Amino acid sequence: MVAWISELWLRLTANMAPRERRFLVWGMAALSLLLLLFGAVLPLAEFGQRERDRATLLAEQLAWMESKAAEVAVARSQGGAVGQMPAGTSLATLADRTVRDQGLGDALKRVEPEGTDKVRLWLEGASFDRLAAWLDRLMQEFGVEVYQSQVEGEETPGRVKARVVLRQAGGA
């Protein structure tokens with residue numbers, strides 16, 4: 001390969017003056033540096049900046065969630081369910097009504113009863129603060145407890161995607 005490049009170089013520069021050869025060498029060196037800069041260095045720098053921005057956003061979300069975890073721990077330590085479900089109201093109906101009362105109606109994507117004592121809800125783009133307040137209200141006012149939950153942060157700080165299974169307190 002090197003021999004082939006050397007031979008090509010000699011053929012191309014055979015009829016050139018030494019000054020023209022130097023100009024060609026410097027031009028090729030400058031072109032190589034520009035290709036390296038625009039082809040590798042700048043894209044890598046942009047990628048690094050995007051990753052630093054992403055890490056900063058994730059750190060902010062983590063700090064926010066940790067601050068809310070303390071509030072949740074305090075709420076849990078203050079006791080269990082004290083209220084009762086309204087007579088003749090299904091858990092699915094109660095969950096749907098209260099989630100809308102809490103201002104989470106736009107985030108509610110689906111409500112699905114599971115048997116007679118459980119209901120599964122899907123929320124997307126929900127305010128974490130409102131979600132926590134809603135779950136606390138269900139527990140305190142209606143004796144409903146969280147049976148299962150999966151909460152994931154979204155790109156927007158303070159917004160979450162949640163899958164929650166609720167059941168009547170004392171259920172199996």
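Strand E2 (residues 118–127) and strand E4 (residues 159–168) run antiparallel and are joined by eight bridges. Strands pair if DSSP finds at least two bridges between them. Strands (E, at least two residues) and helices (H or I, at least four) are DSSP runs, numbered from the N terminus. Within this pair, Trp-122 has Arg-163 in E4 as its bridge partner.

The model is predicted: local features need pLDDT of at least 70, side-chain atom pairs count only at pLDDT 80 or more, and totals for chains, interfaces and linings use all residues. Residues are numbered from 1 along each chain as its sequence is written, and side-chain values use heavy atoms, with hydrogens and water left out.

E2 and E4 belong to an open sheet of four strands. The order is E1-E2-E4-E3, and the pairing is antiparallel. Strand E1 (108–114) and strand E3 (144–153) stand at the edges. Each has a single partner strand, so one side of each is left without a neighbour in the sheet. Neighbouring strands are turned by 15 degrees against each other on average, direction ignored. In general, strands of a sheet pair through backbone hydrogen bonds, either parallel or antiparallel.

E3 and E4 also run antiparallel, joined by nine bridges. Here Glu-152 stands opposite Lys-161 in E4. The two strands form a hairpin with five residues between them. In the turn, Gly-158 has a positive phi of about 85 degrees. Thr-156 lies in the loop between E3 and E4. Thr-156 counts as partly exposed because its relative accessibility is 47% (buried means under 20% relative accessible area, exposed over 50%, partly exposed in between; 1.4 Å probe, protein chains only). The C-alpha atoms of Thr-156 and Ala-29 are separated by 46 Å. These residues are 127 apart along the chain.

Two helices also meet. The axes of helix H3 (residues 91–101) and helix H4 (residues 128–142) come within 10 Å and cross at roughly 130 degrees. Axes are lines fitted to C-alpha atoms, for helices over the stretch in contact, and angles run from 0 to 180 degrees between N-to-C directions. H3 and H4 are therefore oblique to each other (under 35 degrees counts as roughly parallel, over 145 as roughly antiparallel, 65 to 115 as roughly perpendicular, the rest as oblique). In contact (heavy atoms within 4.5 Å), Leu-94, Ala-95, Thr-98, Val-99 and Asp-101 of H3 meet Trp-134, Arg-137, Leu-138 and Phe-142 of H4.
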